[in-house]
Amino acid sequence: MRRLLPFLLVCALLMPPALCAAASGDGSYATYFGMLHWRSIGPFRGGRALAVAGVPGQPDHFYFGAVDGGVWESVDAGRTWNPIFDRQDVASIGALAVAPSDPNVIYAGTGEADMRSDIAYGDGIYKSTDGGRDWVHAGLSDTRQIGAIVVDPRNASVAYVAALGHAYGPNAERGVFKTSDGGKTWRKVLYKNEDTGAISLAMQPGNPDVVYAALWQTRRPPWNVYPPSNGPGSGLYKSSDGGATWTQLTNGLPARVGHIGLSISAAAPRRVFALVDSGPGLGGVYRSDDAGGEWTHLDRAQRIWQRGWYFSGITADPRDPNVVYVMNTSTYKSTDGGKSFDALIGDPTGPDFHALWIDPNDSSRMILCSDQGTIVTVNGGKTWSYWYNQPTAQFYHVAADNAFPYNVYGAQQDTGAAMATTRGRYGTISNQDFRPLDVGGESGTLAPDPRHPGMVYGNSSDGSSTAVREIPATGWEQNLDPLMAYPDTLWRGTWTLPIAFSPADRTTLYVARQQIFRSRDGGLRWQIVSPDLSRSNEGAPSNLDAPTLADNNNLERHGVVYAIAPSPLRANLVWAGTDDGYIWITRDDSHTWRNVTPTALTPWSKVGTIEASHFDSNVAYAAIDRHRLDDYRPYVYRTRDAGATWTAIADGIPNGSFVNVVREDPVRHGLLYAGTEKGVYVSFDDGARWQPLQLDLPVTSIRDIAIHGNDLIVATHGRSFWVMDDVTPLHQTSAAVAAGGTYLFAPAPAYRIRPTSQEGTPLPVDEPQVDNAPVGLYVDYYLADAPRTPVVLDVLASDGSVVRHWSSANPPKAVDPKSLSFLPRWLAQHPVPGATAGAHRFVWDFHEKSPDGPLLPPGYYTIRLGLNGRSYARPARVLRDPRIAASDADLRAQYEFARQVIALRAEVAASRAKAEAVGKGLTGTRGSSYRRDVVGQELPENPDDSVGVYSHDLSSFLYLEGQLDSLESAVESADAAPTPDMRAAYAKLAEIYRATLARLDAQTR
């Protein structure tokens, strides 16, 4: 309590009471912006997965673990997938195992163990005892990367874990662990040293006390190198007593090994297969037919073991001892016991396969994962499900263009760049809207040309080009690599490089290697505008072992420019950051550069992003990533004096969430967003304090953030792209907190667009798709307490008249599903304002009076919120769809004419009701003629004829109602002024109405 008192005293003296009330708790204002949510926009092209499992006896039931997208389940053999791990605080899955004795028991090992340069980490073991509905953390928190899990088929509580350990440093919690109580406690049963971990396991069928394990000494340096190191601690081991003792197996194996994959067939329990990564001519498939005593090198073809540090997946058929599969760029199958292999599935691009699970009771039933996603076969590989139904893409960056609706761009790891829309053309966002791109490759950065819509620039992931441009609509592409003009220089690279247009001078484009290049003619000519900005003396990072230090690419200097941030305020001001820990600034159009690195930044403190302020050219923010030094703490820095001094501003972001990106909101000064390895954070006070902005976004690595208008976009490294639509409440959160009580947020201007549709038969509901954002003006409000009265919302026209009204007391009537000829999900939803304490978002669809009323024209309106005897009002503006040719005057004319048609329709309906009453008193031929020609008669229904027959009624009130309905529909069918024919039709119908009305009047006189 004593520690809290000084804070409360300062709070009381310096802050408004409402702000004190919020800050004296956990400091979070989330209750004020709880109406916001994250919306997935795909793409649905699968991302990398390393772990797969199926359920014996349940032929359509499978699981896979994405490397940073959690655990997914299919109960229809891969037709659809559902995430079942989203409530956990980690998303990287390295291993999965379903207990053979109880399929409800599932173990998940977190942290991929493929030792990529963009590897995602975990925090140990998770366990479910109800088939994945609920999970509990089950220990081994510091293992970080887990390669394999095997479960004793006799007892679901007995399991072994192969823990690789920290990817960038030494640690003790690595090796092989065993639990005998379902994960409550673990024993380290095989351990070599703090530099060596375990990568694979195999349990002998029929004798689960016999376990094989592969140890791997490996690590990654902070600089760019493709393969990780292989150390002398690697080797293959066997236990015959349930892990109590172990013997190293060496007879017939290479003296120096790396990553080893293992598998045993139940059809031959003493036959053990090993896929061994080793030196040239030594790697490949090894087999032992005496339970590991001696090994024979069978197939050494490079195609089946190349990049063994990344692959090494091998699976023996459980029913045929001579059938074995290996996973590499393609998946290969051997039918002669591993002596030779033929490709089973793969293409020239190299899908990169990793793990295969085969049903122990039915070898034709398999699940296979790759860098493209996960697929299932039920016929032995003749056909497979597809991986375009898994939104698990790993993106490095995100950029938005200026189209309407806008598109987002990013490079997807192992698959290639993508262009995704934020609003689908056909009612939802689906694969119909997705467009793959060549520019950007699998890990580059993309930059839409701000002056030429439809053109996008990027760089390639393999280092072959630092700059490429493409027109996605046609596929036209041009290599503009600035390195071509400098063939006598050794240019360094890394997995992802920057490219950026200057927002203050949109003709200027920057790219970089160790130096920065600039072009002012679209990349036709490039100029080197900086010296080598990397460190000349990097030193030897203390977290590396000797084998990793030796992996230096034969270079004395490794660093590159990793971040470029041209100022949006001054065209001659540019910030730059390197991956080895320097920050630079130029204020004279790149003539001179000044090193302004914070003193706290040691070598290899990667400058992930720099954000130049939109409000003050002296202000910038830097996201610093030190996880490659085995330091997973968050680091964000801010300068307010052009780099002369820096302030650390990461308070509120927890340890383990190292920061990849920081962005400044261009509308609200002091509003910042941070993307970390574990989620999204927001600061309302220029970084002094951060709080989660996760809401309903699954935990995953956030690699980049973009702001487009009032939308917030994130590039995740495991769950594709997500958008938070209209963050206007965040711009006003501080004002809402300070005001206290009920608060109506000022709505952002809204474009009057129309919902899209399939324009034909819709996609089946089980096709991968997500809803578009609701169309309309977003009305956001906060209720401090549950109101005593109904919540009422009104839209007022400029003259003060109410043009739309809702009340929480008048919800729409429920529809009886038995009255429908289709599923209820196709019914349009028309909610009422929320009336519970907290934040609410309500969407006005631009219609007058009801969802079926005419569209109101662009203009100025007022939103009024009423409850508890009080009202709150905010001005609102509706804007014309920028894609249409009609003017605001055209749309006002359309609205007025639509109202005219609707008014006549109402008048006709009233006349018809009167005519029906009159007709009841008429009999005989006269009555029949009157009801036919004046009132109108519905045509008889014929269940066999859905088209109907011709009607000769061209004058009755019923006929006029139908014609006016059709006319009103035509008038409102497009954003356009009424056509001459529409006005002529109205005049003719009005004339017919007057004539029919005269007959009614004559009858009543």
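Entry 1, salt-bridge network. I find Arg48, Glu112, Asp114, Arg116, Asp118 and Asp414 linked in a network of salt bridges. I take a salt bridge to be a side-chain nitrogen of Lys or Arg within 4 Å of a carboxyl oxygen of Asp or Glu. The model is a predicted one, in which local features need pLDDT of at least 70, side-chain atom pairs count only at pLDDT 80 or more, and totals for chains, interfaces and linings use all residues. Residues are numbered from 1 along each chain as its sequence is written, and side-chain values use heavy atoms, with hydrogens and water left out.

Helices (H or I, at least four residues) and strands (E, at least two) are DSSP runs, numbered from the N terminus. Arg144 is buried at 12% relative accessible area; buried means under 20%, exposed over 50%, and partly exposed in between (1.4 Å probe, protein chains only).

I record a salt bridge between Glu611 and Arg663 at 3.0 Å, N to O. Arg663 belongs to strand β50 (residues 659–664) and Glu611 to strand β46 (residues 606–612), so the pair ties together parts that are 52 residues apart in sequence. Both Arg663 and Glu611 are buried. Asp521 forms a salt bridge with Arg525, whose closest approach, N to O, is 3.0 Å. Arg525 is exposed, at 61% relative accessibility.

Entry 4, a sheet. I see an open sheet of four strands in the order β6-β7-β8-β9, with antiparallel pairing. Its edge strands, each pairing on one side only, are β6 (93–98) and β9 (136–137). Two strands pair if DSSP finds at least two bridges between them. Strand β8 (residues 125–128) pairs with β9 in the antiparallel sense over two bridges. Which residue stands opposite His137 in β9? I find Tyr126 there.

The chain has a mean pLDDT (the predictor's confidence in each residue, from 0 to 100) of 94, and 97% of its residues reach 70 or more. Over residues 1–26 the pLDDT is below 50. Beyond near neighbours in sequence, I note 19 contacts (heavy atoms within 4.5 Å) for this stretch in the model.
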